[in-house]
Structure formats: C-alpha cells, structure tokens
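Me: Could we go through the charged side chains in this model? Please keep the answers brief.

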Amino acid sequence: MIWSRHTALSSVSRHYRFLLRSCARESSLDIGERLHATIITTGIAGAPETFLHNALLQFYASCGCAWQARKVFDEIPHSHKDTVDWTTLMGCFVRHNVSDEALLIFVEMRRCGVKPDEVTLVCLFGGCARLGDVVVGAQGHGCMVKMGLGGVVKACNAVMDMYSKSGLMGEARRVFDEMKGQSVVSWTVILDGVIRSEGVRNGRVVFDEMPERNEVAWTIMIAGYLDSGLTQESFALVREMIFDLEMELNYVTLCSILTACSQSGDLMMGRWVHAYALKTKEKELNIMVGTALVDMYAKCGRIHIAFKFFKKMPQRNVVAWNAMLSGLAMHGLGRAALDIFPQMFKEAKPDDVTFTSVLSACSHSGLVDQGCFYFGNLESVYGITPKVEHYACMVDLLGRAGRLEEAEILVREMPIRPNEVVLGSLLGSCSIHGKLQLGEHLLQELVQLDPQNTEYHILLSNMYALAGKQNRANSLRQVLKKRGIKKVPGMSSIHVGGQVHQFSAGDKSHPRTREVYNMLDEMIRRLRLAGYAPNTALQIFAGCDSLEDDSVEQEEKEQALFSHSEKLAICFGLISTGPGVPLHIFKNLRICQDCHSAIKIVSKIYNREIVIRDRNRFHCFKEGSCSCCDYW
C-alpha cells in the first residue's frame, strides 16, 4: 500500500497529539517540551491542518505555563482557532492569578468575532471575581443574557460568585432568585457571599434554609465560625457532620479548616484537625494537609512544632517549603530560614514565592548582605524575573537598615511601577529614621494610589509630631476628617477556654471589664515601679477616637496608651489563665512602640511568655526581651 504525504502527515500528527494529551493529563512538562522540540525540528507543525499547535496550547495550559501557552496560541492562524482555544488560554491565566491578561484575551476574542460559550463566560467571571472588576463582570453578565445563556446554571453560579466577591450581594441574590433550577452549588455561592458580606449569623440562616448541603457548604460554614472566633459553634458543626451525618472530612475540607485556623489563630481546632487526620487516614498524610498543618502551626505562633512536623514530612514540594520559609520569616528566624534553604534544591525548585519568603526572612532579621545577594542573583542564577513583591522586600530590607538612599534609588529604577506596598515600606523606613522630606513626597504618591488608606497619613503625622511640627500633624488629621476617612481601629484577640475574646482600645464591652481594668491598674503600677515611662510622643493619632482636636493633657495621653487593645488582651489573659501559661495575642495592626516596650517588662514581672502576632510578624516576649531584638 502506498501512503500519500497527506495521509502520513495526518497519522504522525495524530500520534503526536495523543502523546501531548497524555503529557497534559500527567502534567509531564519535561517530556512535553521534548515533544515540542521534536515537532519544531521535524517541521510537521508548519501545516495548520495538523492542529499540533492547538494540542501544544492545551498541553502548556494544563501544565500551568501560561506565557508559553500564549506564545503557542499566537502561532496558530486565526482560521484554526476556535472558542475552545481562546477559553483554554483565558482559563490558564485566571487559574494562575494573571486575571487581567485573561480579560484582555476576552476583549481580543470578541474583536476577532469569536463567539464565547458558557465555559468562556465562567472563565471571564472567575477573572473578574479575582480582580474585583465588577464593571467588566457586569458587561459579561449582559453579554450572557443577550446570548440566551441566562438560564445556564454554571454561568449563573459564576456571575453570582463574581458579584458576591465584589461586595454586591444584592445583585448576587437577584441572579439567584431569577434562576429556575438552583443547584447545591448555587446555594453554596450565596452562603459564601452572605458570610463574607453580612456576617456569620446571616450565613447560618442561609445554611439552615439549604435544601441540600454538600461538603463545601459545611466547610464554608465551619470556616466562617472560625474566622469569627466562634470555636464552639464550629466544633458543634463538625460533630454534627461526622457523628450525625456520618460524613468524612476529606483532604479539601481539612485544608480549608486549617486555613481558617491559620487566619484566626485558633490552635485548638487546628490541633483537633491534626489528630483527626492522623486517626482517619490510614496511610501517610496527604502533602496538602501536611503543608496546611505547617502553615497553621507557624501562624498560630508554634513555629517549633511547625518545623518539627515539616522535617518529618515524607514528601515536600515547593508549596510545603514556601510555607516553612514564610513561617520562619514571620517569626524573625532569618538565619534558620537561610540555613535550610540550600536543602530545598534537593527536593523542589524554588519559585517566585520562595524568594519572597527568603527576602522577607532577611528583612525581618537584618541580614542585608544575604538579602542583596539573593536579589542580585534572582534572574541570572535562579531564572526568576523580579516581581513587585521582591522589590517591596528589598526596599523594606534596605530601609530598616537605614540605607534609605539605596532603597529610594531601587524604587526609582524599578522596571515595573511601584505599588502602595513598595512605597509604603519606604515611608515606614522614613518614619523609623526621621526622613521627613522624603516622607512628605512619598505620601503624595501614596494618596494617588490608595486615597482611603489612613496608615500613611498616620505615619507622616507621627513624623511631624516627633519633629515638633504639631500644627502640621493636626492639619493632616483634619484632612482625613474632612474626607470622612476613619482610622482602622486596633483590635486584639486572645483564645481562652475554647473562645476568642476580642478587645479594642479603651474597650469596656467585655463581661469581665471590671476585672480586666483592675488587673490593668495593677499592671501599670508594677510597670512604673520597674522603670516604665509611657511614650506619649506619638499620641496625636493613637488612643481613643473620642479625643477632641485640642491638645490632650499628659495624663489623658497616658491613659489612652494604657488602654491599647493588646494591653487589655494581656490583662484578660493574666486573670484567666494559670501562672506561667504562655499568652498568645493576635492583633490586626502593627504593635506600637509603647506597647512593645511595656510588654517586654510585663513578660519579666509576671514570668510569662507573651507571643503577639501583629500585621507584619511575630513578637515573642520572654524574660524582659523580645525575639525581634528591637529590629522591627
């Protein structure tokens, strides 16, 4: 039998497409890349009718290589691109957090006259949800209705998810009410949105109304209770789920609960999940659960347990290593992070997140030379293009060390536009080192990027106050008041007896308020005897919001300092736990200088280890000193 060239080409290309599909299913990037090289060298991809470029697009998208997929996509003639190809590329960018590029692809797709299908729209709404871009999302919703896809449940679910994650629960509910056949996923999307926007109490009402509940709905409700500090309610749901309904917590549910524990600092639930996973899983723990446990223990202040568990993990991928390095960085254990980093290369290839953790570890520990070394070799040695997160770490690293000129030069020479994190880090360093002129200039840039953020105004106002420019400090506060912008209140929480107890500055709403303030009076008395002097220099923005614009008396300033949220949480911990029991406090803002100085003395007076997780890092106070060595 004589084979024609066309028949032979068709047979060979079909074989290669089969191999590429196999590589895509197994995420075999190395083998797939070798196949790609063979296809190029043989020249068989030159004919569009082989559809090999389409297969390569699917392969790279499945392996998460978004930009390589884009390059292959651009090599496909328009006549041979269909809706599936466009959607595949969009979905790849959305999954890998490059949603802005996905939205541009959708615009390009419409411009080329390609008609989207329901899967395309699901990708679009997913990208809009991640970006919070409700404008493009609403336009996509209109497009969906015009195309007659308004009754497609999957598309409607994606629309609701987009609206709810953008804070428009009214729109999400309207879509839900207009649906003819709500699925359990539809109900779950609404449940998640209500908990996010309206609170866990309203979420429970939706949960109880659900005609059917899947594991995702139970997980969302449990995580919602944990995020709100309602540990007992979350345990009640877990008991009902396991014992009454005889449902088993799968790996996804376990990871979701552990993530909620990490965010809320709920060690009790985290330990229970750990015990449950060990008891119910006959074989070794899933690597996802193991990684979540490392992250949970680190973020709950038990970094030594996290490290011990990490060392015993039978398998460790890049995500597990990133969790451990990030945990060490948060605890100021930079040298420990750099000591184990070389071992990572034997088990996993570092990615951009890895180096963010490494540079953060250097920054929190003052390891300037080491940080500069890794940043300088990012691209040339490790093949990673520096991202804005890496620049933010370097600016913080140099700024903390007092090398502000170098930090400013780095910002001005960045190949990408600096964001508010980069400029905010530089402003923070200006505050530490008293660089008022540079701080004024940075504030103008930051206001353009994020006009609602009060932290930058507070930093500059404090700099004015320290420089003796009280009028300028007052003037800056008036600017905020005129705009109707309020300072984010400081909140501190402590877990005692399976419940979360939360305090704000000057808070008197707790059932044991009288005991807390009696303890506070005693603590302040003992602090003064130990040599503590309140640092009232920065009180223009600190303290209670009810203070008048006029200058407050020194005594009032001191009283405002004494009732900061972390001091109240510590007092509650002292009266609620036995002698010598460590106290773990979680604060939403950066700890202030006065509290930092006071708590060092408190740890010595009361012989307590006090661990505080603020917005930036952990502070472990013990025997009169802090783990940060005052480098924070």
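Salt bridges and a buried aspartate

Reply: Searching the whole structure gives 23 salt bridges, a salt bridge being a side-chain nitrogen of Lys or Arg within 4 Å of a carboxyl oxygen of Asp or Glu. This is a predicted model, in which local features need pLDDT of at least 70 and side-chain atom pairs count only at pLDDT 80 or more, while totals for chains, interfaces and linings use all residues. Residues are numbered from 1 along each chain as its sequence is written, and side-chain values use heavy atoms, with hydrogens and water left out.

Me: What does Arg204 form a salt bridge with?

Reply: Its partner is Asp208, with the closest N and O atoms 3.0 Å apart. Helices here are DSSP runs (H or I, at least four residues; strands are E, at least two), numbered from the N terminus.

Me: Is Lys600 buried or exposed?

Reply: Lys600 is buried, at 17% relative accessible area. Buried means under 20%, exposed over 50% and partly exposed in between (1.4 Å probe, protein chains only). Lys600 meets Asp630 in a salt bridge of 3.1 Å, N to O. Asp630 lies in the segment after β6 (625-626) and Lys600 in helix α32 (residues 593-605), so the pair ties together parts 30 residues apart in sequence.

Me: Changing topic, where does Asp507 lie?

Reply: Asp507 is in the loop between β2 (499-504) and α29 (513-529).

Me: And which side chain does Asp507 join in a polar contact?

Reply: That of Ser509, at 2.7 Å. A polar contact is a pair of N or O atoms within 3.5 Å; within protein, one must be able to donate a hydrogen and the other to accept it, and residues adjacent in sequence count only if both atoms are side-chain atoms.
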